[in-house]
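Please look over the model shown below before reading on. The paragraphs that follow lead through its charged contacts, its metal sites and its strands.

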Amino acid sequence: MMSEAEALHRQCPQLLPQNREKTIYDGFITIQDRDFRLRIILPPDAKLKNARLQCSVHLKNVLYGYHQIVKQRLQHSCDLSSFILELKTILENALKNRQELYAPPPPQYYSCLVKDIENLGWDKLVFVDSEFSTIQLKVNDSAGREHQITLQLKTNYPLEPPDCVVDFPVPFAITWTPQSSLINIQKQFMAALDSMKEFWDVMDEIDKETWVLEPENPTRNATTRRIAIGNNVSVNIEVDPRHPKMLPECYFLGADHVVTPLRSKLNNNIHLWDPENNLLENLKNVLEIDFPVRASTSKSDFSMDCGICYAYCLDTAIPDQVCDDPRCGQPFHQVCLYEWLRGLPSSRQSFNVIFGECPYCSKPIALKMSIKKS
Ligand SMILES: [Zn+2]
Ligand SMILES: [Zn+2]
């Protein structure tokens, strides 16, 4: 029968004991013609489960992610030679997986992809990276809007579907079989675009007809718009992309004396909302207002910047405190107004309400401090 030392020597001829007690081994382990430096330190009782492995940087890299398996094998191997045998198996697997991960795609990947692009038309290609792994296609929807889809291809394309990134207000997923090609993605993307046509019609009309204060440059996935109603008054609407003609969520911003009547009109006139009509028309009917038109006003007329810090967005807060004097109506951030009023000797505080003067018109202003969840 082979001794433990012989078995170890056969497994790993370059790993040699460094002391008489045979508790320290140093040398190399060879896998796929590659030598990796390895040092094994056994405790005085020579029990493997308490052994320490010192690996070279290369070996560490290969074993990255296999830490738990190695530890487990150490605990369950009866002697050093059987552990080395296990370690070699782990290393072989790890190396194989790494090669698959970093291997360039096979030649048929490129030929298949080029054929796919030819079928699609090279003019549909907006971008392709030097590895041919990321490609961007453009697709026009039935209303003539141009959209883009970015595809991240796997090296085993077309066996596995590419990852798709689109500018969409709802989740977009593709169905894929190993026989699928870029044409299938294009078709599915077009069908998805069609399902969003009504939503983008609604949003485009708002962007075209009104002053949208926010977002500044709406992307195709943006479902909210803050529309100017008048000086320092606006409404924030959240449109449901799947039901764009239904009554959107409305949130008014502005002085109480302007906003309160708007809110009650919205409540009282809800029955006037006609889903057959377009959204802007419905909003006008229900709120009994006309939105300022772009032809006769400029966006700066509806500035909602804070009158103290002159910014609109402070961290994530917007200026939601408004001077209630009808001739003023200046908006402020809650924090800005709080700091301002606290610094004035004429201000007084009662519980969480501060009473003071508006920095703009000097009329009385009250600020109720609230902790808002954003
Ligand atoms: Zn401010
Ligand atoms: Zn004021």
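**Salt bridges, zinc sites and hairpins**

The side chains of R73 and E86 come together in a salt bridge with an N to O distance of 3.1 Å, a salt bridge being a side-chain nitrogen of Lys or Arg within 4 Å of a carboxyl oxygen of Asp or Glu. Because R73 belongs to helix α3 (residues 67-76) and E86 to helix α4 (residues 80-102), the pair ties together parts that are 13 residues apart in sequence; helices (H or I, at least four residues) and strands (E, at least two) are DSSP runs, numbered from the N terminus. R73 counts as partly exposed at 25% relative accessibility, and E86 likewise counts as partly exposed at 32%, where buried means under 20% relative accessible area, exposed over 50%, and partly exposed in between (1.4 Å probe, protein chains only).

The structure is a predicted model, in which local features need pLDDT of at least 70 and side-chain atom pairs count only at pLDDT 80 or more, while totals for chains, interfaces and linings use all residues. Residues are numbered from 1 along each chain as its sequence is written, chains are lettered from A and ligands numbered from 1 in the order in which they are written, and side-chain values use heavy atoms, with hydrogens and water left out.

The structure holds 16 salt bridges. One of them joins R145 to D201, whose closest N and O atoms are 2.9 Å apart. This pair links distant parts of the chain, since R145 sits in the loop between β6 (134-140) and β7 (146-152) and D201 in helix α7 (residues 197-209), 56 residues apart. R145 is buried, with a relative accessible area of 9%, whereas D201 counts as partly exposed at 30% relative accessibility. Another salt bridge is formed by R327 and D325, with 3.5 Å between the closest N and O atoms; here R327 is exposed, with a relative accessible area of 71%, and D325 is buried, at 12%. Through shared partners, salt bridges also join D141, R145, K197, D201, D204 and R220 into one network.

C306 is buried, with a relative accessible area of 1%, and C336 is buried at 12%, while C309 is partly exposed at 30%.

The zinc ion (ligand 2) is coordinated by C323 (SG), C328 (SG), C358 (SG) and C361 (SG), at 2.2 to 2.4 Å. This site too is tetrahedral, with angles of 105 to 114 degrees among the four donor atoms. Ideal angles at a metal are 109.5 degrees for four tetrahedral donors. The donors of the zinc ion (ligand 2) follow the spacing C-x4-C-x29-C-x2-C along the chain. Both C323 and C328 are buried, and C358 is buried as well, with a relative accessible area of 2%. A search of the whole structure finds zero disulfides, a disulfide being a pair of cysteine sulfur atoms within 2.5 Å.

The last stop is a run of strands. Strand β1 (residues 15-17) and strand β2 (residues 24-31) run antiparallel and are joined by three bridges, two strands being paired if DSSP finds at least two bridges between them. L15 has G27 in β2 as its bridge partner. Six residues lie between the strands in the hairpin of β1 and β2, where K22 takes a positive phi near 55 degrees. β2 also pairs with strand β3 (residues 34-41), in the antiparallel sense and over eight bridges, with Y25 standing opposite I40 in β3. The hairpin of β2 and β3 has two residues between the strands, and Q32 in the turn has a positive phi of about 50 degrees.

Methods. Donors = N, O, S within 2.8 Å, 3.2 Å for Na, K, Ca; no water. Tetrahedral: all angles 85-135°; square planar, octahedral: opposite > 155°, others 65-115°.
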